[in-house]
Amino acid sequence: MSSTLLEVRGIVKRFPGVLALDGVNFDLREGEVHTLLGENGAGKTTLMNIIFGLYRADEGEILFKGKRVHIRSPYHALQLGIGMVQQHFTLVPSFTVAENIALGTRDTPSRVAAKIRGISEEYGLEVDPHAKVWQLSVGERQRVEIIKLLYAGARVVILDEPTAVLTPQETEALFKAVRKMTSRGTGVIFISHKLNEVMEISSRVTVLRKGKVIGTLERGEFDQNKLARMMVGREVVMEIEREKARPGELVIKVEDVHARSDKGHIALNGISLEIRAGEILGIAGVAGNGQRELAEVITGLRRVESGKIEFLGKDLTNTSVIDRILAGIAYIPQDRKGIALSPNLSVAENLFLRRKEKKVWFNKREIFGHARRYIEEYKIKTPSPATAVKYLSGGNMQKVVIAREFSLDPRLIIAVHPTRGLDVASMEFVYRSLIKARDKGVAILLLAGELYEIFNLSDRVGVIYEGKIVGYTTPDPTPENIEKIGLMMAGVAV
Ligand SMILES: Nc1ncnc2c1ncn2[C@@H]1O[C@H](COP(=O)(O)OP(=O)(O)OP(=O)(O)O)[C@@H](O)[C@H]1O
Ligand SMILES: [Mg+2]
């Protein structure tokens, strides 16, 4: 029996209007991956923030290596040996990797760089110590965060939804590093909504529901269905039944479009596609092959260099974002905190953004009435419509975006990773909502990283590679079809 690194007992945490944690017990052993699972807003991040010294518990105690501790700050937590990679990263963008890692230590720059190289090799976490953080991809930033913890000698490593932003390949690399950590006796607390990952990596799983522990299971005692049931308290249908699509008029036509990425490279290299009313076109592809740019040229956020975009027969190429909203294009972007939401505005105001009525003034009653309806329909967990969006859990922020975009009565929905960060019940809800919109005649462009999501929703599947659609196939999850898609994703003609 390995010894206990960390134990929390009877943790209670209240926020205005919410009991976020209600007497939680949880412990972490040396060399294990203990997964924390629960619906959006269940209290996972809050519990981790308490262990990491960001919040103080209202009641309860924390024991580290058997001794009671009062963790005053993240800095203090890290001194004790507790580190956390937060759901939203916290590096200083204008500093280099090495500068970020050395913050708060007394090491000389050359020693820092040497140590980083050592850790990076040992754990297979590749980074360039001299790169500036703003230049790095999310996957790279995450590696820097992890190295920072290992550099500081963390024995407890908390990973809050690390894989939500990773490609499957990056996830594999992360899991390798995690296994390395546990083989050295480090304990890892892992949070994810992806049950297949939870099955793969966890030694134990604790399920939280509405701030309470439902149970802790040892490896061998759990499977995906059981975990889903424990999380939401009912059976969850992961495969949505749907009728065959009945495509209507042509809604969007993208013709031979070329566009550049932020870094100035060719990102779209003569892409063409068509979507009709009442059908979902799913686009599969390895991240970085033009998915983001495709969404952005259609929504008006990125300039088209050549080619044409027609919407309901009208040329919309390089018109403004507003024009496209007015025309009926809704957008669920990948980066909800960046462009989709205004964090300091209330939930009600965020739900009201992007409306197309020509009226200039709205009164509070209208805005709140509208908000209450959508908060209920989409089961958005918030103490009140007046709460600032930044206080919502990650998944509930995503629901605000989805509710708002559906409320616009669009003709076309561009959905990029629409269920990223959502728990299984909310995922089911979003799937049903997309199918319902389709059946009402909305055209949908789905850009998703997970193949099962593409299979679950799409009527046709296109594969994007190096800024072009290289082929189409059906959404059948047969081994042959998966192989065909895999080959096309790798740029092999089939
Ligand atoms: N700083 C805060 N102020 C007010 N309420 C908060 C704050 N932080 C969290 N909450 C509330 O506490 C509850 C638990 O949120 P938490 O972020 O812990 O959920 P979670 O389990 O991590 O969810 P997700 O899977 O969506 O990330 C939510 O109702 C949330 O709105
Ligand atoms: Mg969270």
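Biologist: How much accessible surface does the chain have, and what share belongs to carbon and sulfur atoms?

Modeller: Bearing in mind that this is a predicted model, the accessible surface of the chain comes to about 22400 Å², and carbon and sulfur atoms account for 51% of that area. As for charge, the chain carries 70 positive and 60 negative charges, whose mean positions lie 5 Å apart.

Biologist: What does the radius of gyration say about the overall form of the chain?

Modeller: One begins with the elements, which here are 17 helices and 20 strands. The radius of gyration is 23 Å, close to the 23 Å that the globule rule gives for 494 residues, so the chain is as compact as a globular protein of that length. Taken along the principal axes, the box filled by the C-alpha atoms is roughly 70 × 50 × 45 Å. Of the contacts between residues at least 6 apart in sequence, 68% join residues at least 24 apart.

Biologist: Which residues touch the most other members of the largest nonpolar core?

Modeller: In soluble globular proteins, nonpolar side chains tend to be buried together. In this chain, where 53% of the 494 residues count as buried, the largest nonpolar core has 47 residues, and those touching the most other members are Leu-351, Ile-380, Val-400, Phe-406 and Ile-413. Apart from that core lies another, of 35 residues, among them Leu-91, Ile-116, Leu-136 and Val-178. To return to Leu-351, its contacts beyond four places in sequence include Ile-380 and Val-400, as well as His-370, Tyr-374 and Arg-404.

Biologist: Where is Ile-119 placed, and is the residue buried or exposed?

Modeller: An α-helix has 3.6 residues a turn, so residues three or four places apart point the same way. Ile-119 sits in helix H4, which spans residues 109-123, and with a relative accessible area of 10% it falls under the 20% cut-off and is buried. Leaving aside residues up to four places away in sequence, Ile-119 touches Ile-147, Leu-150 and Tyr-151. Tyr-151 is 32 residues from Ile-119 along the chain, yet their C-alpha atoms are separated by 7.4 Å.

Biologist: How many residues of helix H9 are buried?

Modeller: Helix H9, residues 291-299, has 8 of its 9 residues buried, so it is largely enclosed by the rest of the structure. The buried residues include Glu-293 and Glu-296 as well as Leu-294, Val-297 and Ile-298. Just after H9, Gly-300 takes a positive phi of about 90°.

Notes: Residues are numbered from 1 along each chain as its sequence is written. Chains are lettered from A and ligands numbered from 1 in the order in which they are written. This is a predicted model: local features need pLDDT of at least 70, side-chain atom pairs count only at pLDDT 80 or more; totals for chains, interfaces and linings use all residues. Side-chain values use heavy atoms; hydrogens and water are left out. Helices (H or I, at least four residues) and strands (E, at least two) are DSSP runs, numbered from the N terminus. The radius of gyration is taken over C-alpha atoms; the globule rule is 2.2 Å times the number of residues to the power 0.38. Buried means under 20% relative accessible area, exposed over 50%, partly exposed in between (1.4 Å probe, protein chains only). Contact means heavy atoms within 4.5 Å. Accessible areas come from the Shrake-Rupley method with a 1.4 Å probe; for residues, only the protein chains shown count as cover. Lys and Arg count as positive and Asp and Glu as negative; His and the chain ends are not counted. The place of a charge is taken as NZ of Lys, CZ of Arg, CG of Asp or CD of Glu. A nonpolar core is a set of buried Ala, Val, Leu, Ile, Met, Phe, Trp, Tyr and Cys residues joined through side-chain atoms within 4.5 Å.
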